[in-house]
Each structure stands twice: as C-alpha cells, then as structure tokens.
Amino acid sequence: MEKEPVCECNTVHSEAVEKSRSQMPTENEISALSEFFKILGDPTRMKILWALDGAELCVCDLAVELNMTKSAISHQLNSLRAAKLVKYRRDGKNVYYNLDDEHVNEIIEVALDHIGHN
C-alpha cells in the first residue's frame, strides 16, 4: 500500500494561506453549500433532476419513469423545491415540474464531466 503523501517540513506559505483565507466563504455559506450537496447526494433526487433536465414532467410522469409511487416522488420533490432546485406550475388539475434555472443543469453536467474525467 502506498504511503499517503504528507509534507515532511514545517514551512507555512503565508501568502498562499492568506489568499485562501480571503477567498473562503462565510460559515453560513459553507453550511448552505453542505446542505445543498446533501440534497444532491441522494440517488433518487439525482434521477428526478436528470429526468427534469430533459422535459417538464408531472408527478405521474416521474413515477412511471423512475418506477416509484407518486407519494415517494412527491416527497423527494418537496426536498428539491425547498432547496430551490425545482419549481412547478399548475395547469388545471396537473402540476408540472422543471428545473428551477439553468444553474441546476450546469452543476449536474459539470459534476458528471468531473466523475468521467480520468
């Protein structure tokens, strides 16, 4: 097993540390980012986001596509709406969901590119 690479000196690069520190988000922002990625960390929610990336769908559509109950889909959509990742519109008795904005699509696509990068 290869040994984990660790510095063998005690030199602190003050300029680099200060630059990093000055760019660090606030504690509230870090907390919000962590919560955001927790939401994205669920496979079912990720499938819903991918499905909505391609089309505006209602709960019935999503349930069929993901082979889940409408209740289970609705539960996940509530989490995604609370995180401002999806939005909905009513059309009579139907409620259609789509991605909240283009940033959601961009985040997911960049993440997929990253995991596919060797």
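**Exercises: a hairpin, its sheet and a helix pair**

In this predicted model, Gly92 takes a positive phi near 65 degrees in the hairpin of strand 2 and strand 3, where two residues lie between the strands.

**Exercise 1.** Give the strand order of the open sheet and identify its edge strands.

Solution. 
- Step 1. Strands of a sheet pair through backbone hydrogen bonds, either parallel or antiparallel.
- Step 2. Here three strands make up an open sheet with antiparallel pairing, and their order is 1-3-2.
- Step 3. Strand 1 (57-58) and strand 2 (86-91) each pair on one side only, and these are the edge strands.

**Exercise 2.** Characterise the packing of helix 3 and helix 6, then sort the contact residues by type.

Solution. 
- Step 1. Two packed helices are described by the angle between their axes and the distance between the axes.
- Step 2. For helix 3 (residues 43-54) and helix 6 (residues 102-116), the angle is about 115 degrees and the axes are 11 Å apart.
- Step 3. The crossing of helix 3 with helix 6 is left-handed.
- Step 4. Helix 3 contributes Met46, Leu49, Trp50 and Asp53 to the contact, while helix 6 contributes Val104, Asn105, Ile108, Glu109 and Leu112.
- Step 5. By type, these contact residues comprise six nonpolar, one polar and two charged.

Notes:
Residues are numbered from 1 along each chain as its sequence is written. This is a predicted model: local features need pLDDT of at least 70, side-chain atom pairs count only at pLDDT 80 or more; totals for chains, interfaces and linings use all residues. Side-chain values use heavy atoms; hydrogens and water are left out. Axes are lines fitted to C-alpha atoms, for helices over the stretch in contact, and angles run from 0 to 180 degrees between N-to-C directions. Helices (H or I, at least four residues) and strands (E, at least two) are DSSP runs, numbered from the N terminus. A crossing is left-handed if the near helix is turned anticlockwise from the far one by less than a right angle, and right-handed if clockwise. Contact means heavy atoms within 4.5 Å. Ala, Val, Leu, Ile, Met, Phe, Trp, Tyr, Cys and Pro count as nonpolar, Asp, Glu, Lys and Arg as charged, and the others, Gly among them, as polar. Two strands pair if DSSP finds at least two bridges between them.
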